[in-house]
Amino acid sequence: MEIICNPSRDKWAQLLARPVFDNSKILSTVQAVLDDVRSRGDVAVKEYELKFDKAALPSLQVSEQEIEEAASLVSSDLKEAISTAIENITKFHEVQMHIPPIIETTKGVKCWQKFVPIDKVGLYIPGGTAPLFSTVLMLAVPAKIAGCKEIILCTPPDSEGKVNSAILYAAKAAGATKIYKIGGVQAIGAMAYGTESVPKVYKIFGPGNPYVTTAKQIVSVKDVAIDMPAGPSEVAIIADSTQKPEIIAADMLSQAEHGTTSQSIVFTTDAELAANIMAEAEKQCAASPRREFIAKSLENSRIFVLDNIEDVIDMSNEYAPEHLIISCKNFAAVGAQITNAGSVFLGLYTPESAGDYASGTNHTLPTSGYAKAYSGVNMDSFVKKITFQEISSEGLDNIGKTIEVMAENESLFAHKYAVTVRKH
């Protein structure tokens with residue numbers, strides 16, 4: 001990690017670059033697995049589970065008995081925490097299902113939208129060093145609220161063929177309809193194409209390693225929709241001299257511990273604070289059980305010292321972080337000027353961890369600068385909005401000439417006649 005003082009604007013893009021992963025090196029491997037799953041179904045999936053997860057699986061689907069067993073292994077404290085998180089996530093997402101009214105755009109011309117849930121959605125939940133049961137809640141809860149008929153969840157098993165108990169408990173509690181012991185590229189292929197055991201879904205959600213991310217990109221070309229482009233987790237922090245360096249450092253490490261390609265960025269106008277944050281981050285890293293991940297992530301991280309808050313805001317908007325923590329005295333005024341971010345956390349008592357787990361907002365967010373154009377997962381992600389219109393005879397009289405003139409000027413005479421023939 002380094003401290004960079006007052007870089008010129010023409011250097012910002014270069015200095016804010018994310019860690020680059022060249023997926024061309026794995027593209028052929030990912031494509032081969034996807035093709036094999038498409039052609040051989042369950043047989044191929046089981047072979048890849050044995051190869052990659054070291055699990056010999058007689059059945060891919062998690063049984064009700066396994067779900068009940070998992071529930072008995074989850075502590076009462078964690079069950080209570082999951083229940084509270086589900087309650088808050090539900091509250092935040094339910095209000096997003098606001099149905100717009102019927103609009104009469106011209107007298108006799110009525111237009112409206114109908115919200116229709118996506119029938120079948122697939123959720124991918126990574127296992128690995130940090131089983132993300134919280135992501136189960138962030139995806140399954142809004143899918144259930146939307147009314148998705150099938151909520152298919154895939155997550156890798158351990159070498160004994162067992163799925164993490166907290167993931168299974170969260171999946172059941174949040175409303176997943178079927179759970180499968182499938183990880184990696186083979187899980188994406190199974191959900192995208194369907195197998196003897198796994199239903200084909202219409203949209204796939206969830207994070208993953210570069211192999212999973214590449215697989216999602218491939219299947220999204222023509223086989224299935226995906227939530228958004230995704231990359232390693234990241235956080236940016238805007239901090240001023242009123243903040244404690246140990247808190248800023250803790251926020252940096254909360255993202256850095258996700259993996260070796262994560263990134264933490266700090267923007268400040270205080271050079272002394274920058275130096276103290278750097279020292280504190282190194283201290284906290286040395287004491288962390290996940291220091292090997294954090295140390296690598298901090299190599300990708302930067303602290304920028306800029307002349308004024310206007311430059312801080314501009315540079316943050318240029319970075320367009322997945323998570324943005326505004327940790328300064330006038331956080332509300334600064335927050336009002338943020339235009340590019342996945343999710344914003346305001347003030348001293350709002351850690352990014354709150355959004356990751358239980359405040360209610362969704363933690364499935366655009367990374368790698370995609371926050372300039374993409375939103376995080378929300379209720380719109382799980383529904384289709386179909387427009388309807390109904391035009392009366394009077395309405396067609398009122399709007400017909402407009403349509404005829406526009407159609408004729410586009411040389412689309414059948415379009416014009418479709419109106420004219422109704423008027424006589």
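Q: Which residue does leucine 123 stand opposite in β7?
A: Phenylalanine 205. Keep in mind that this is a predicted model.

Q: How do strands β4 and β7 pair?
A: In the parallel sense, over three bridges. Strand β4 covers residues 120-124, and strand β7 covers residues 203-205.

Q: What sheet are they in, and what's the strand order?
A: An open sheet of five strands. The order is β6-β5-β4-β7-β8, with parallel pairing.

Q: Which are the edge strands?
A: β6 (178-181) and β8 (225-226). Each of them pairs on one side only.

Q: Switching to helix α3. Which residues are buried there?
A: Asp42, Ala44, Val45, Tyr48 and Glu49. The helix runs over residues 42-52.

Q: Why do they line one face of the helix?
A: Look down the axis of α3: the buried residues fall within an arc of 160 degrees, so they line one face.

Q: And what covers them?
A: The cover includes α2 (24-40), α8 (184-193) and β6.

Q: What follows α3?
A: Lysine 54 does, and its phi is positive, near 60 degrees.

Q: New topic: how much space lies in the second largest pocket?
A: About 190 Å³.

Q: How do the lining residues divide?
A: Four are nonpolar, nine are polar and none is charged.

Q: Which elements supply at least two residues each?
A: α5 (76-94) and β13 (343-346) do, for the lining of that second largest pocket.

How values were computed:
Residues are numbered from 1 along each chain as its sequence is written. This is a predicted model: local features need pLDDT of at least 70, side-chain atom pairs count only at pLDDT 80 or more; totals for chains, interfaces and linings use all residues. Side-chain values use heavy atoms; hydrogens and water are left out. Two strands pair if DSSP finds at least two bridges between them. Helices (H or I, at least four residues) and strands (E, at least two) are DSSP runs, numbered from the N terminus. On a 1 Å grid over the protein atoms alone, a cavity is a set of points where a 1.4 Å probe fits but cannot get out, and a pocket is an open set with protein on both sides within 12 Å along at least five of seven lines; lining residues have an atom within 4 Å of a point. Grid points are joined across faces, edges and corners, and a volume is the space filled by probe spheres set on the points. Ala, Val, Leu, Ile, Met, Phe, Trp, Tyr, Cys and Pro count as nonpolar, Asp, Glu, Lys and Arg as charged, and the others, Gly among them, as polar. Buried means under 20% relative accessible area, exposed over 50%, partly exposed in between (1.4 Å probe, protein chains only). The arc is that of the directions from the helix axis to the C-beta atoms. Contact means heavy atoms within 4.5 Å.
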